[in-house]
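Colleague: Could you take me through one part of this model in detail, with the cut-offs behind each term?

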Amino acid sequence: MTRKYELVYVVSPEASDDQVTDLHHQVEAIVQRVGGSIEKTENWGRRRLAYEIGRHKEGTYVLEVLHGTGELMKEIDRRLKVTDLIIRHLVVRVDEAQAVIERTKARRSATSQRRRVARGLPADRQPGEGQRGDADDDRDDRFDMGNERGMDR
Amino acid sequence: MNGRKSFGAKKGGRAGAAGAQGKDGQRRPMFRRRKVCKFCSDKIDDINYKDTKLLLPFVPERAKILPRRISGTCALHQRKLRVALMRARQLALIPYTAE
């Protein structure tokens with residue numbers, strides 16, 4: 001049973017670029033050994049941490065999208081836990097959530113097309129359609145969250 | 001003397017009540033915009049833990065998750081938002097508490 005997972009790990013800021021790529025190769029090796037594939041790898045670069053982890057204030061974030069079994073992720077999780085250079089990591093299964101998103105998107109476009117046809121319009125949105133000349137107070141309703149709290153007190 | 005005192009107090013109380021009513025009368029018609037779920041109205045299906053730009057407005061200075069009663073987020077999206085925020089917190093993308 002192969003599933004899709006997302007793996008994000010935070011590498012200690014002391015690590016050099018070579019060490020970061022080395023970690024990526026380590027992950028790759030595990031994936032190949034256990035059986036799976038890497039869909040993509042993204043290096044977000046060095047970012048400030050929202051809070052201190054240990055004594056680190058920064059970290060290098062790397063995202064990997066993997067296909068594989070639960071066994072593979074267990075092994076990766078275990079390896080990342082014992083790697084000192086990695087200060088934090090997170091494994092998330094994404095295939096089911098993505099399927100749900102696809103479904104809701106498909107359902108929404110289907111209903112909008114059906115209703116547009118019922119109104120005698122072409123099924124798809126025409127370019128430049130539905131754009132108001134001046135957006136009045138229609139859009140600013142989400143900016144007064146703070147105000148309402150003040151009014152309650 | 002005692003009676004007078006109580007009379008005075010009563011009067012004061014009444015005046016206070018009237019004042020509050022007047023205030024209330026002013027406050028009621030004041031327009032309070034209906035809160036709408038940001039994710040429903042903007043048709044954001046994917047509440048992702050990696051999207052800090054989307055998540056940050058839901059963590060005010062104390063870094064607590066903004067409750068539904070204030071943000072107006074619908075129950076479904078608040079649940080998804082909560083999961084995303086907790087994941088983002090784990091990766092230190094969003095703080096647990098304010099320093």
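Modeller: The expected span of a helix is 1.5 Å times one less than its number of residues, and helices (H or I, at least four residues) are DSSP runs, numbered from the N terminus. This is a predicted model, in which local features need pLDDT of at least 70 and side-chain atom pairs count only at pLDDT 80 or more, while totals for chains, interfaces and linings use all residues. Residues are numbered from 1 along each chain as its sequence is written, and chains are lettered from A in the order in which they are written.

The part I would pick is helix H5 (75-90) of chain B, whose 16 residues reach 23 Å from the first C-alpha to the last, close to the 22 Å expected.

Leaving aside neighbours within four places in sequence, Arg89(B) is in contact with Ile94(B) and Tyr96(B), where contact requires C-beta atoms, placed from the backbone, within 7 Å. Just after the helix, Ala92(B) takes a positive phi of about 60 degrees.

Turning to the other chain, 16 residues of chain B are in contact with 19 residues of chain A, and helices H4 (68-71) and H5 of chain B each supply at least two residues of the side of chain B that touches chain A.

Note on methods:
Contact = placed C-beta atoms within 7 Å.
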